[in-house]
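Dear colleague,

Please find below the structure that I am handing over to you. My notes on it follow directly after.

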Amino acid sequence: MPTVSAHVALTLARHIDHVFGVMGNGNAYFLDAIEKQTDAVFTAVRHEQGAVVAADAHFRASGRIAAATSTYGAGFTNTLTALAEAVQAHVPLVLVVGDEPTSGPRPWDVDQIAMASAVGARTYTTGHADAAATTVIAIEHALTYRVPVVLAIPYDVASLEAGPVAEAPAPRIPEPLAPRGEFADGMLDEIAHALISAERPFLLAGRGAWLAGASDALGALAEKTGALTASTALGRGVFPDTRYDLGVTGGFGADGAMQLVRDADVAVVFGASLNQFTMRFGELFAPGTRVFQIDVAPAATHAHVGGFVRADARVAAEALVERIAQASGAARSARESTPAADESTESIRAERTSPRGAHSAWRESVDVAAARAYAEGDELAADGRLDPRSAARRIAELLPEDRVVVSDGGHFIGWANMYWPVAAPDRMMMVGTAFQSIGQGWPSVVGATRARPEQTIVLTSGDGGGLMAIADLESAVRAAAGRGVAVVWNDAAYGAEVNLYGLKGLAEGPMLIPEVDFAAFAGAVGAEGVVVRTLDDLERLRTWAAENPAERRFLVLDLRISGKVVAPYQQEIIRVNS
């Protein structure tokens, strides 16, 4: 007879296909059911934080919800940093955990519901008779609000027989949010008119636009208006036409590209929260730029926004394309029916709404490629260590084109985000940055690999974060094998802290890390490790990329970089905090 844990497992497996976790007393029956009674794939990680990180990365890479699992008590508390990151990043996942028995807490139990609530995650606790229904409700909550949820199984309930598993209804997912009311319609009219009238129109899109499936609609809008485009760091590649795309805004953006953004007279933002980094601490747009925002948030998220529409990015973009097409058609009809004697007057009147007027010539007049150029860097920095800019540039030339990049947090995040182009937002993910945490890189490889098994998964990590999560180096190597490569930017320090506080004269001892041999770590868990001190040492990446993935090993590149080369985004932070 199925147990309560089996009810959870069987119901969950109807909607997810991957579970990541660490086994313990509290989830043993759940994992037994997952393994024996479902088709869901379980992947073990070596630290409970890694379970949540892997489920997080799985969603970011595929758009499909996954589950994590841990035992109660210490197993659960180990998940909290990753759980907070998923909350901050609006990533849906289900964390299945053991919990204290219904009779009350034992000496080793903690108030897990309160702790989950403290980081913004809601808990659903299964009973003896409602496990399947509670599981569906938890999934529905995660997908509706784009947040992680905790699904708790009390210890004394987990192994109770619960009878046949009822056919639970599928989770209900809300329809895309459409603009509602006269104000929203009027604001869309105003945005369409502003784009038609603009001489230098600009479109900015974030991860929210990608999740909404707005890429094609945004591409059509950019084409109709002649707008230059750009994305946030989490929305890279959302615009299909790269010829007129300025890349990433904010501190990861090239100086020339960011100057073009400031030249815009009208900017429309889709699915981006406009945080301080995207906005270059308030300096992304010029004071005279008219800024409009379209987002599912309840209200505008930045003081520079002059007009706001609460709506799904795809629905709103399609509405704007339709409005501009109608305006262009009306102008064309008016022009064709105008008597010749009045042609001069009417042509002036129609110019702003004609097909030519609706398509600004701005983007054809600028050199986008030159504007997007970054500093090349030297092979070696002044201290004799590798210049991270030249290393990043060379690595970009050697990495397989099918790459999916996962990033830990730290000073080094500038290099991959600046120098490694990716095809779409689900091929570049930064797990940890929403909560300003480090140490989530290695298990990100696990989740991305299970989501995209045919692609090359590339980790970019610092030595600080790499050491913090070193247990899951083994998980990454085991999961990705020959389809995985890790680039560790090893400057023997917590680089961000050195840049921010070392420059202020604070004691640098706590900011430094004895130089670690990550190549040796790699060998210990069955990977191949290469210490990289010069650009020539990257030759192994070229030959590795040419080998059969089934025959090569996971590759770890231990880059001995200079800490003296400060990433541009970090220079912005230093300037703001100085």
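Predicted model: local features only at pLDDT ≥ 70, side-chain atom pairs only at ≥ 80, totals over all residues.

**The chain as a whole**

The secondary structure of the protein chain consists of 25 helices and 18 strands. Its radius of gyration is 26 Å, close to the 25 Å that the globule rule gives for 578 residues, so the chain is as compact as a globular protein of that length. The C-alpha trace spans about 90 × 65 × 50 Å along its principal axes. Of the 578 residues, 57% count as buried. Where contacts link residues at least 6 apart in sequence, 78% of them join residues at least 24 apart. The chain exposes about 23,000 Å², and carbon and sulfur atoms supply 52% of that area.

In soluble globular proteins, nonpolar side chains tend to be buried together. In this model the largest nonpolar core has 66 residues, and those with the most contacts inside it are Phe202, Phe285, Trp420, Trp489 and Leu559. There is also a second, separate core of 54 residues, which includes Trp442, Ala522, Ala527 and Val556.

Is aspartate 472 buried or exposed? Its relative accessible area is 2%, and it is therefore buried, the cut-off being under 20%. Beyond its neighbours within four places in sequence, aspartate 472 is in contact with Trp442 and Pro443, and also with Val45, Arg46, His47 and Gly50. A polar atom of its side chain lies 2.7 Å from the backbone nitrogen of arginine 46. Aspartate 472 and glycine 441 are 31 residues apart in sequence, and their C-alpha atoms are 8.8 Å apart in space.

**Two further aspartates**

Aspartate 426 is placed in the loop between helix 18 (413–419) and strand 14 (428–430). With a relative accessible area of 15%, aspartate 426 is buried. Its side chain makes a polar contact of 3.4 Å with the side chain of arginine 452. Apart from its neighbours within four places in sequence, the residues in contact with aspartate 426 are Arg60, Ala61, Trp210, Val404 and Arg452.

Aspartate 17 is found in the loop between helix 1 (4–12) and strand 1 (18–21). At 32% relative accessibility, aspartate 17 counts as partly exposed. A polar contact of 2.9 Å joins its side chain to that of histidine 18. Setting aside neighbours within four places in sequence, aspartate 17 is in contact with Ala40, Val41, His58 and Arg64. Aspartate 39 lies 22 residues from aspartate 17 along the chain, and 7.1 Å separates their C-alpha atoms.

**Strand 11 and its partners**

Strand 11 (residues 290–295) has 5 of its 6 residues buried, so it is largely enclosed by the rest of the structure. It runs parallel to strand 10 (residues 266–270), to which 5 bridges join it. It also pairs in the parallel sense with strand 12 (residues 307–310), over 4 bridges. Glutamine 293 takes part in both pairings: it is the bridge partner of valine 269, and it stands opposite phenylalanine 308 in strand 12.

**Two alanines with positive phi**

Which backbone angle is positive at alanine 481, although it is not a glycine? The angle is phi, at about 50°. Alanine 481 is found in the loop between helix 21 and strand 16 (484–490), and at 37% relative accessibility it counts as partly exposed.

Alanine 492 has a positive phi of about 55°, again without being a glycine. Alanine 492 lies in the loop between strand 16 and helix 22 (495–501). Its relative accessibility is 18%, and it counts as buried.

With kind regards

Notes: Residues numbered from 1 in each chain as written. Heavy atoms only, no water. Buried < 20%, exposed > 50% of the residue type's maximum accessible area, 1.4 Å probe, protein only. Contact = heavy atoms within 4.5 Å. Polar contact = N/O pair within 3.5 Å; in protein donor to acceptor, adjacent residues only side chain to side chain. Core = buried A, V, L, I, M, F, W, Y, C linked by side-chain atoms within 4.5 Å. Rg over C-alpha atoms; globule rule 2.2 N^0.38 Å. Areas by Shrake-Rupley, 256 points an atom, 1.4 Å probe, with all protein chains shown as cover. Pairing = 2+ DSSP bridges.
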